[in-house]
Amino acid sequence: MENSVLPDSFKQARESKGIGKVEDQNDPVTMVLGLKDVRKCAHNWKTFQSGAKPGRIVIPSEVNIRETRQIPFEVDPPAHKGFRDLIDPWFKRPLESDYQAQLKSIIDDIIDHSLQQDSVEVVGEFALKLQSRALTVLLNIPYEESELWIGWGKHVFRSEDTDLDGDKAAILYDYIDAQIDKTAANLDQSLYALLLNSEVNGKKLSKEEIKGVMILTFAGGRDTIINAVTNSIAYFSEHPESLTQLAENPDMSSIAVEELIRYFSPLTHMGRVATEDTQVCEHAVKADTRISLCWASANRDERVFENPNEVVLDRKVNPHVGFGFGTHNCLGATHARQLLNILITSLAEKVSTMEIQSQQDNVEDWGEFQRKVGYDSLNVKFTARKY
Ligand code: EMZ
């Protein structure tokens, strides 16, 4: 099997039952696997809520390591709308050409640097740096701040030995607290300042609410972007012809990004809490228990996608849910799309081949399912394209 393949671990369960089960800290989860069912449940926010106890809709649950509610991610309608309306325009800034130029300069730097090395460990030396430096553009704060964040590693709540690292989480909370205070004393043009200056539903945001938005911005777009970037490099390492295809057809890059997101599904699933006794796929779900919307499985649903396990870079019909679906669709999607678009375009321009020298897969363990989501490490030799 090629190194860059991400197998569909859910096929059998999706076809036979439509659901799967996973145990998580004595709070079991019924995973919803088919695309239609995932969409239906995502749409039904009254029965399947996000506004449960903070941390509970994340799997593994983060209830033991945080109390701050992430906003708007853990708020349901109607309150959700006020927050989303406030921050949506900010998170659409990646559509501006100046923003894209900043991303391009960050990405070109990393690629140029990689081309000068004998070997690059892509997770730590490429994807994490790219994610952190790009985040300075999203927050509109100085580039140098990314050095500190790179030091935090690829997940702000997880470390080498544990999925839920309270000490590590505390570093992020303290940092964000200090940044909010610093900005309050001296308002600048950053996302912090926007939040400090704004009202939602006629009320100033509390410090806890500002913190909730900022934690989401730091945590939600970290391992997901790192997975998407690392998987893209692994994929193009083994498919140099696709890189050439992109170099010859730069207009293809936007639909190629959608296909990569579908295939990689950088976030496997996200939970919801049932507010009443209900059913999913004729399977009873009790009130106050959890389901998860399994984007990774839905994106391989053979009833919707032709050749679901193949990367078809110019796939025409692609109703994937890689960025979620419905009210809570990914706030950072515009940023992620631009980042990946510029990344694959620049790789196609500058790189002829990438050769995988060694790798360690990152395989998630979800009870009956083991899913490769990316890499713990990936060593690659980059070679420049000659014109
Ligand atoms: C939460 C989540 C959001 C969670 C879209 O996903 O990402 C996870 O990586 C974090 O651990 O707290 O932000």
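**Labels and the values behind them**

Mentor: Start with the helix pair: α12 (residues 253–264) and α14 pack with their axes 9 Å apart, at an angle of about 115 degrees. Keep in mind that this is a predicted model.

Trainee: Why are α12 and α14 called roughly perpendicular?
Mentor: The angle is about 115 degrees, and 65 to 115 counts as roughly perpendicular. So α12 and α14 get that label. As for handedness, α12 passes α14 in a right-handed crossing.

Trainee: Which residues make up the contact of α12 with α14?
Mentor: From α12, you have Ser253, Ser254, Ala256, Val257 and Leu260; they meet Arg337, Leu340, Asn341, Ile344 and Thr345 in α14. By type, that contact splits into 5 nonpolar, 4 polar and 1 charged.

Trainee: What makes serine 265 count as buried or exposed?
Mentor: Count C-beta neighbours inside 10 Å: serine 265 has 27. The cut-off for buried is 20 or more, so serine 265 counts as buried. You'll find serine 265 in the loop between α12 and β7 (270–274). Its phi is near 40 degrees, a positive value in a residue other than glycine.

Trainee: And glutamate 282, buried or exposed?
Mentor: Glutamate 282 has 8 C-beta neighbours inside 10 Å. With 12 or fewer a residue is exposed, so that is the label for glutamate 282. Glutamate 282 sits in the loop between β8 (278–280) and β9 (283–285), and has a positive phi of about 60 degrees without being a glycine.

Trainee: What makes threonine 327 partly exposed?
Mentor: Threonine 327 has 16 C-beta neighbours inside 10 Å. Buried needs 20 or more and exposed 12 or fewer, so threonine 327 falls in between and counts as partly exposed. Leaving out residues up to four places away in sequence, threonine 327 touches Trp45, Pro77 and His80.

Technical notes
Residues numbered from 1 in each chain as written. Predicted model: local features only at pLDDT ≥ 70, side-chain atom pairs only at ≥ 80, totals over all residues. Contact = placed C-beta atoms within 7 Å. Axes fitted to C-alpha atoms, helices over the stretch in contact; angles between N-to-C directions. Helix = DSSP H or I, 4+ residues; strand = E, 2+ residues; numbered from the N terminus. Parallel < 35°, antiparallel > 145°, perpendicular 65-115°, else oblique. Left-handed = near helix turned anticlockwise from the far one by under 90°. Nonpolar A, V, L, I, M, F, W, Y, C, P; charged D, E, K, R; others polar.
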